[in-house]
Amino acid sequence: MWRRRLSALLPRSPCSSSAPSSYQQQHRHILLPTPNEKPLAPSLLRLFTSQAGSDGGRPFIAFILGGPGSGKGTQCTRIASDFGFAHVSAGDLLRNEISSGTDQGELILEIIREGRIVPSEITVELVRKAIESTTAKRVLIDGFPRCEENRIAFEKLTGTEPDLVVFFDCPEDLMVKRLLGRNQGRVDDNIETIKKRLKVFESLNMPVVNYYSSKGKAHKINATGTADEIFESVRKLFSSLRL
(Lines give C-alpha, C1' and ligand atoms only; values in the text may rest on other atoms or scores of the structure.)
Protein backbone atom coordinates (compact mmCIF):
# COMPACT_ATOMS: atom_id res chain seq x y z
CA MET A 1 0.00 0.00 0.00
CA TRP A 2 2.76 2.41 0.93
CA ARG A 3 4.61 1.75 -2.32
CA ARG A 4 1.48 2.35 -4.39
CA ARG A 5 0.78 5.58 -2.51
CA LEU A 6 4.37 6.76 -2.77
CA SER A 7 4.43 6.05 -6.51
CA ALA A 8 1.43 8.30 -6.92
CA LEU A 9 3.24 11.13 -5.15
CA LEU A 10 6.37 11.01 -7.29
CA PRO A 11 7.00 12.14 -10.88
CA ARG A 12 8.07 9.35 -13.19
CA SER A 13 11.25 11.11 -14.24
CA PRO A 14 14.54 10.56 -12.37
CA CYS A 15 15.86 13.03 -9.81
CA SER A 16 16.58 16.43 -11.32
CA SER A 17 18.10 19.67 -10.14
CA SER A 18 15.11 21.79 -11.17
CA ALA A 19 13.95 24.53 -8.80
CA PRO A 20 10.92 23.92 -6.53
CA SER A 21 7.56 24.78 -8.05
CA SER A 22 5.46 27.69 -6.86
CA TYR A 23 3.34 25.22 -4.89
CA GLN A 24 6.40 23.89 -3.07
CA GLN A 25 7.61 27.41 -2.36
CA GLN A 26 4.26 28.25 -0.77
CA HIS A 27 4.12 25.06 1.32
CA ARG A 28 7.66 24.83 2.65
CA HIS A 29 6.79 24.32 6.31
CA ILE A 30 4.54 21.28 5.97
CA LEU A 31 3.29 19.40 2.92
CA LEU A 32 0.01 17.66 3.70
CA PRO A 33 -1.96 15.28 1.46
CA THR A 34 -4.34 16.90 -1.02
CA PRO A 35 -8.09 16.26 -0.65
CA ASN A 36 -7.90 13.47 -3.25
CA GLU A 37 -5.12 11.59 -1.45
CA LYS A 38 -5.63 8.94 1.21
CA PRO A 39 -4.70 10.05 4.75
CA LEU A 40 -1.39 8.97 6.22
CA ALA A 41 -1.27 5.64 8.03
CA PRO A 42 -2.01 5.97 11.77
CA SER A 43 1.51 4.82 12.68
CA LEU A 44 3.08 7.65 10.69
CA LEU A 45 0.57 10.17 11.97
CA ARG A 46 1.62 9.28 15.50
CA LEU A 47 5.27 9.44 14.47
CA PHE A 48 5.22 12.85 12.81
CA THR A 49 2.49 15.02 14.29
CA SER A 50 3.85 15.79 17.75
CA GLN A 51 6.74 18.03 18.71
CA ALA A 52 10.12 16.66 17.72
CA GLY A 53 11.69 14.49 20.40
CA SER A 54 8.88 14.92 22.92
CA ASP A 55 7.49 11.94 24.81
CA GLY A 56 5.23 9.98 22.48
CA GLY A 57 5.93 12.33 19.56
CA ARG A 58 7.98 12.05 16.42
CA PRO A 59 11.77 11.94 16.78
CA PHE A 60 14.11 14.89 16.32
CA ILE A 61 15.30 14.41 12.72
CA ALA A 62 18.68 15.55 11.41
CA PHE A 63 19.62 15.20 7.75
CA ILE A 64 23.38 14.69 7.30
CA LEU A 65 24.60 15.74 3.85
CA GLY A 66 27.96 15.83 2.13
CA GLY A 67 29.72 14.53 -0.94
CA PRO A 68 31.05 10.97 -1.19
CA GLY A 69 34.24 10.88 0.86
CA SER A 70 33.34 13.94 2.95
CA GLY A 71 33.49 11.82 6.10
CA LYS A 72 29.83 12.18 7.07
CA GLY A 73 29.47 8.47 7.88
CA THR A 74 32.35 8.56 10.34
CA GLN A 75 30.96 11.67 11.99
CA CYS A 76 27.47 10.17 12.20
CA THR A 77 28.84 7.22 14.16
CA ARG A 78 30.36 9.59 16.69
CA ILE A 79 27.28 11.81 16.87
CA ALA A 80 25.11 8.75 17.51
CA SER A 81 27.42 7.59 20.28
CA ASP A 82 27.92 10.94 22.02
CA PHE A 83 24.46 12.47 21.63
CA GLY A 84 22.13 9.47 21.68
CA PHE A 85 20.96 9.44 18.06
CA ALA A 86 19.84 6.45 16.03
CA HIS A 87 21.95 6.36 12.85
CA VAL A 88 20.06 5.65 9.63
CA SER A 89 22.36 5.50 6.60
CA ALA A 90 20.63 5.79 3.24
CA GLY A 91 23.68 4.19 1.59
CA ASP A 92 23.64 1.23 3.99
CA LEU A 93 19.93 0.75 3.44
CA LEU A 94 20.52 0.56 -0.31
CA ARG A 95 23.52 -1.78 0.08
CA ASN A 96 21.50 -4.04 2.40
CA GLU A 97 18.79 -4.20 -0.23
CA ILE A 98 21.42 -5.19 -2.81
CA SER A 99 22.65 -7.95 -0.49
CA SER A 100 19.11 -9.30 -0.16
CA GLY A 101 19.32 -10.61 -3.72
CA THR A 102 15.88 -9.32 -4.69
CA ASP A 103 14.98 -7.91 -8.10
CA GLN A 104 14.91 -4.47 -6.51
CA GLY A 105 18.39 -5.08 -5.13
CA GLU A 106 19.66 -5.97 -8.60
CA LEU A 107 18.16 -2.76 -9.97
CA ILE A 108 19.81 -0.69 -7.23
CA LEU A 109 23.17 -2.35 -7.95
CA GLU A 110 22.96 -1.47 -11.64
CA ILE A 111 22.06 2.15 -10.87
CA ILE A 112 24.89 2.57 -8.34
CA ARG A 113 27.44 1.04 -10.70
CA GLU A 114 26.52 3.71 -13.22
CA GLY A 115 26.93 6.46 -10.61
CA ARG A 116 23.28 7.48 -10.85
CA ILE A 117 20.77 8.39 -8.13
CA VAL A 118 18.44 5.61 -7.01
CA PRO A 119 14.78 6.57 -7.71
CA SER A 120 12.96 8.30 -4.86
CA GLU A 121 10.28 5.62 -4.79
CA ILE A 122 12.89 3.16 -3.55
CA THR A 123 15.02 5.36 -1.30
CA VAL A 124 12.23 7.21 0.50
CA GLU A 125 10.41 3.94 1.22
CA LEU A 126 13.56 2.41 2.76
CA VAL A 127 14.18 5.52 4.86
CA ARG A 128 10.56 5.66 5.97
CA LYS A 129 10.65 2.06 7.17
CA ALA A 130 13.90 2.66 9.06
CA ILE A 131 12.51 5.73 10.88
CA GLU A 132 9.24 4.01 11.68
CA SER A 133 11.03 0.97 13.12
CA THR A 134 13.17 2.90 15.63
CA THR A 135 12.09 3.88 19.13
CA ALA A 136 14.83 6.52 19.40
CA LYS A 137 13.81 10.12 20.05
CA ARG A 138 16.67 11.46 17.90
CA VAL A 139 17.47 10.18 14.41
CA LEU A 140 20.32 10.97 12.04
CA ILE A 141 19.52 10.31 8.38
CA ASP A 142 22.90 9.99 6.71
CA GLY A 143 23.17 10.74 2.98
CA PHE A 144 19.55 11.73 2.46
CA PRO A 145 17.82 13.45 0.71
CA ARG A 146 19.97 12.91 -2.37
CA CYS A 147 18.02 15.26 -4.61
CA GLU A 148 15.09 17.66 -4.61
CA GLU A 149 12.72 14.86 -5.59
CA ASN A 150 13.79 12.90 -2.48
CA ARG A 151 13.22 15.97 -0.31
CA ILE A 152 9.79 16.75 -1.70
CA ALA A 153 8.66 13.11 -1.48
CA PHE A 154 9.86 12.78 2.12
CA GLU A 155 8.16 15.99 3.24
CA LYS A 156 4.92 15.15 1.47
CA LEU A 157 4.79 11.55 2.70
CA THR A 158 5.61 12.35 6.32
CA GLY A 159 4.08 15.82 6.58
CA THR A 160 7.24 17.11 8.26
CA GLU A 161 10.67 18.62 7.64
CA PRO A 162 13.99 17.90 9.31
CA ASP A 163 14.75 19.80 12.49
CA LEU A 164 18.40 20.18 11.49
CA VAL A 165 20.51 19.78 8.35
CA VAL A 166 24.28 19.36 8.61
CA PHE A 167 26.40 19.74 5.48
CA PHE A 168 29.99 18.49 5.49
CA ASP A 169 31.83 20.77 3.06
CA CYS A 170 34.90 19.13 1.48
CA PRO A 171 36.98 19.87 -1.66
CA GLU A 172 36.59 17.42 -4.53
CA ASP A 173 40.26 16.41 -4.68
CA LEU A 174 40.24 15.44 -1.00
CA MET A 175 37.04 13.42 -1.40
CA VAL A 176 38.59 11.51 -4.33
CA LYS A 177 41.73 10.81 -2.29
CA ARG A 178 39.71 9.51 0.65
CA LEU A 179 37.51 7.29 -1.51
CA LEU A 180 40.42 5.72 -3.36
CA GLY A 181 42.27 5.14 -0.09
CA ARG A 182 39.56 3.54 2.02
CA ASN A 183 39.75 0.13 0.27
CA GLN A 184 36.38 -1.15 1.49
CA GLY A 185 35.72 -3.23 -1.60
CA ARG A 186 32.62 -1.24 -2.49
CA VAL A 187 31.33 -1.46 -6.04
CA ASP A 188 31.31 2.34 -6.38
CA ASP A 189 34.88 2.96 -5.12
CA ASN A 190 36.67 3.22 -8.48
CA ILE A 191 37.87 6.40 -10.15
CA GLU A 192 35.35 6.34 -13.00
CA THR A 193 32.34 5.85 -10.72
CA ILE A 194 33.72 8.30 -8.15
CA LYS A 195 33.90 11.07 -10.76
CA LYS A 196 30.30 10.34 -11.79
CA ARG A 197 29.16 10.38 -8.16
CA LEU A 198 30.83 13.72 -7.50
CA LYS A 199 29.26 15.22 -10.60
CA VAL A 200 25.85 13.91 -9.54
CA PHE A 201 26.33 15.29 -6.04
CA GLU A 202 27.14 18.75 -7.32
CA SER A 203 24.15 18.89 -9.66
CA LEU A 204 21.52 17.15 -7.52
CA ASN A 205 22.50 17.32 -3.83
CA MET A 206 23.64 20.92 -3.66
CA PRO A 207 20.16 22.29 -4.52
CA VAL A 208 18.91 20.44 -1.41
CA VAL A 209 21.65 22.04 0.71
CA ASN A 210 20.83 25.45 -0.76
CA TYR A 211 17.11 24.98 -0.10
CA TYR A 212 17.61 24.26 3.59
CA SER A 213 20.22 27.02 3.84
CA SER A 214 17.61 29.49 2.61
CA LYS A 215 15.35 28.33 5.45
CA GLY A 216 18.06 28.72 8.07
CA LYS A 217 18.17 25.00 8.85
CA ALA A 218 21.50 24.04 7.25
CA HIS A 219 24.78 24.24 9.15
CA LYS A 220 28.04 23.91 7.22
CA ILE A 221 30.96 21.98 8.75
CA ASN A 222 34.49 22.27 7.37
CA ALA A 223 35.36 18.64 6.55
CA THR A 224 39.01 19.07 5.53
CA GLY A 225 40.74 18.19 8.80
CA THR A 226 41.24 14.96 10.69
CA ALA A 227 38.23 13.07 12.01
CA ASP A 228 38.91 14.44 15.49
CA GLU A 229 39.24 18.02 14.26
CA ILE A 230 36.01 17.77 12.27
CA PHE A 231 34.17 16.25 15.20
CA GLU A 232 35.18 19.13 17.44
CA SER A 233 33.12 21.43 15.18
CA VAL A 234 30.31 18.88 15.12
CA ARG A 235 30.37 18.55 18.92
CA LYS A 236 30.03 22.32 19.36
CA LEU A 237 27.03 22.39 17.05
CA PHE A 238 25.15 19.51 18.69
CA SER A 239 26.04 20.68 22.19
CA SER A 240 24.35 23.98 21.40
CA LEU A 241 21.05 22.30 20.50
CA ARG A 242 18.20 21.83 22.94
CA LEU A 243 17.61 18.13 22.40
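The structure is a predicted model, in which local features need pLDDT of at least 70 and side-chain atom pairs count only at pLDDT 80 or more, while totals for chains, interfaces and linings use all residues. Residues are numbered from 1 along each chain as its sequence is written, and side-chain values use heavy atoms, with hydrogens and water left out.

Arg151 forms a salt bridge with Glu155, with 3.2 Å between the closest N and O atoms; a salt bridge is defined as a side-chain nitrogen of Lys or Arg within 4 Å of a carboxyl oxygen of Asp or Glu. Both Arg151 and Glu155 belong to helix α8 (residues 148–158), where they are 4 residues apart, about one turn of the helix; helices (H or I, at least four residues) and strands (E, at least two) are DSSP runs, numbered from the N terminus. Glu155, at 1% relative accessibility, is likewise classed as buried.

By this rule the structure contains 13 salt bridges. Another of them pairs Arg128 with Glu125, whose closest N and O atoms are 3.1 Å apart, and these two residues are both buried. They are placed 3 residues apart in helix α7 (residues 120–133), about one turn of the helix. Salt bridges also link Glu125, Arg128 and Glu132 in a network.

A further salt bridge joins the side chains of Lys217 and Glu161 at 3.0 Å, N to O. Because Lys217 lies in the loop between α10 (191–214) and β5 (218–222), and Glu161 in the loop between α8 and β4 (164–169), the pair ties together parts that are 56 residues apart in sequence. Glu161 counts as buried, at 4% relative accessibility.

Ser89 is located in strand β2 (residues 86–89) and is buried, with a relative accessible area of 11%. The side chain of Ser89 reaches the backbone nitrogen of Asp92 at 3.1 Å. When residues up to four places away in sequence are not counted, Ser89 touches Arg95 and Asp142, where contact means heavy atoms within 4.5 Å.

With a disulfide taken as a pair of cysteine sulfur atoms within 2.5 Å, a search of the whole structure finds 0 disulfides. As for individual cysteines, Cys76 is buried at 0% relative accessibility, and Cys170 is buried at 9%.

Conventions
Buried < 20%, exposed > 50% of the residue type's maximum accessible area, 1.4 Å probe, protein only. Polar contact = N/O pair within 3.5 Å; in protein donor to acceptor, adjacent residues only side chain to side chain.
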